[in-house]
Amino acid sequence: MKERIITYRGKDITVTFHVDRCTHVAECLRGAPEVFDSGRRPWVEPDAADPDKVAEVVVRCPTGALHFKRNDGGPDESIPKENVLNLQKNGPVWVKGDLEIHNSEGAVLFRDTRVAFCRCGGSAHPPFCDGMHLFTGFRDDGRIGRPPASGSEESAQPGGLVITLQTNGALLVNGPLILMTADGKEEYRGGRALLCRCGASRNKPFCDGSHKKTGFTANP
Ligand code: FES
């Protein structure tokens, strides 16, 4: 499925909006209401605030729905030094870091610094969360289940994450990662994790193989 991206060009900064990745977290509306106003058309006015402020608010967007490009020579978005996965209660996992997303054949699909990955299995735009967990009845308290033996003990070298979308299965995350509970506690550090994205695992956030029984399908 082709991603819908709308570009809002300003004099000093251009903002892009990835429509299907927005789950209405509203960091932008709170952070710079003069720039981002969902009751106005166009709803993004990049020149309505200082470009540094626009950039700072854009990078607060946890889903990666918003990105920016400076036209004034200002700094691009910096790559986070750590890769942090924040579980959301009854919702997606927000991943922030130096991210490279691969399909199951190893081809690079895209690179990013912020992505909200679906965990309920119901997204119409996998691997992105599109808010369907609100309608699928997905329930997870956002705590960390029992880590697989091969996960946390692996030494994690500094660097980015490679996240592989396994065909009709889990997210395989390779690289140094920190996993946070929904209430903000760091409970897992490691070099590898296999994360459920079908919603059926009984050991969330990890995959326990349940996707094979449920017939989960996801086209990367
Ligand atoms: S992807 Fe959900 S159990 Fe494997």
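**Entry 1: a hairpin**

I began with strand β5 (residues 93-102) and β6, which pair in the antiparallel sense over 8 bridges. For the record, helices (H or I, at least four residues) and strands (E, at least two) are DSSP runs, numbered from the N terminus. Two strands count as paired if DSSP finds at least two bridges between them. I noted one of the bridges: His102 has Val108 in β6 as its partner. The two strands make a hairpin with 5 residues between them. In the turn I found Gly106, with a positive phi of about 95 degrees.

Before going on, I wrote down that this is a predicted model, where local features need pLDDT of at least 70 and side-chain atom pairs count only at pLDDT 80 or more, while totals for chains, interfaces and linings use all residues. Residues are numbered from 1 along each chain as its sequence is written, and side-chain values use heavy atoms, with hydrogens and water left out.

**Entry 2: an open sheet**

Next I looked up a sheet of 3 strands: it is open, has the order β1-β2-β3 and pairs antiparallel. Which strands sit at the edges? They are β1 (5-9) and β3 (66-70), each pairing on one side only. Neighbouring strands here are turned by 20 degrees against each other on average, direction ignored. My angles run from 0 to 180 degrees between N-to-C directions, and the axes are lines fitted to C-alpha atoms, for helices over the stretch in contact.

Strand β2 (residues 13-18) is joined to β3 by 5 bridges. Phe17 stands opposite Leu66 in β3. I also saw helix α2 (residues 51-58) lying across β2 and β3, at about 150 degrees to β3.

**Entry 3: aromatic rings**

I counted 4 aromatic pairs in the structure. The rule is that rings of Phe, Tyr and Trp (its six-membered ring) pair if their centres lie within 6.5 Å; planes under 30 degrees apart are stacked, over 60 edge-to-face, and the rest tilted.

Phe110 and Phe128 make a tilted pair, 5.5 Å centre to centre with 45 degrees between the planes. Phe110 is in strand β6 (residues 108-117) and Phe128 in the loop between β6 and α3 (133-136), so the pair ties together parts 18 residues apart in sequence. Is Phe128 buried or exposed? At 9% relative accessibility it counts as buried. My cut-offs are under 20% relative accessible area for buried, over 50% for exposed and partly exposed in between (1.4 Å probe, protein chains only).

Tyr188 and Phe206 have ring centres 5.4 Å apart and planes at 55 degrees, so this pair is tilted. Tyr188 belongs to strand β9 (residues 186-195) and Phe206 to the loop between β9 and α4 (210-214), so here too parts 18 residues apart in sequence are tied together. Both Tyr188 and Phe206 are buried.

I also noted one aromatic cluster made of Phe17, Phe36 and Trp43.

Leu29 has its place in helix α1 (residues 27-31). With a relative accessible area of 29%, Leu29 is partly exposed. What does Leu29 contact, leaving aside neighbours within four places in sequence? I found Phe36, Asp37, Ser38 and Trp43, contact meaning heavy atoms within 4.5 Å. I checked Thr167 as well: 138 residues along the chain from Leu29, with 36 Å between the C-alpha atoms.

Ser210 is in helix α4 and is buried, with a relative accessible area of 9%. Leaving aside neighbours within four places in sequence, Ser210 contacts Ala200, Ser201 and Arg202.

**Entry 4: salt bridges**

A salt bridge here is a side-chain nitrogen of Lys or Arg within 4 Å of a carboxyl oxygen of Asp or Glu. By this rule I get 16 of them.

Arg189 forms one with Glu82, with the closest N and O atoms 3.8 Å apart. Arg189 lies in strand β9 and Glu82 in the loop between β3 and β4 (84-87), so the pair ties together parts 107 residues apart in sequence. Arg189 is partly exposed at 45% relative accessibility, and Glu82 is partly exposed at 44%. Arg189 also bridges to Glu186, with the closest N and O atoms 2.6 Å apart.

Arg143 and Asp141 meet in a salt bridge at 2.7 Å, N to O. Arg143 counts as exposed at 54%, whereas Asp141 is partly exposed at 35%. Last, I wrote down a salt-bridge network that links Glu3, Arg21 and Asp112.
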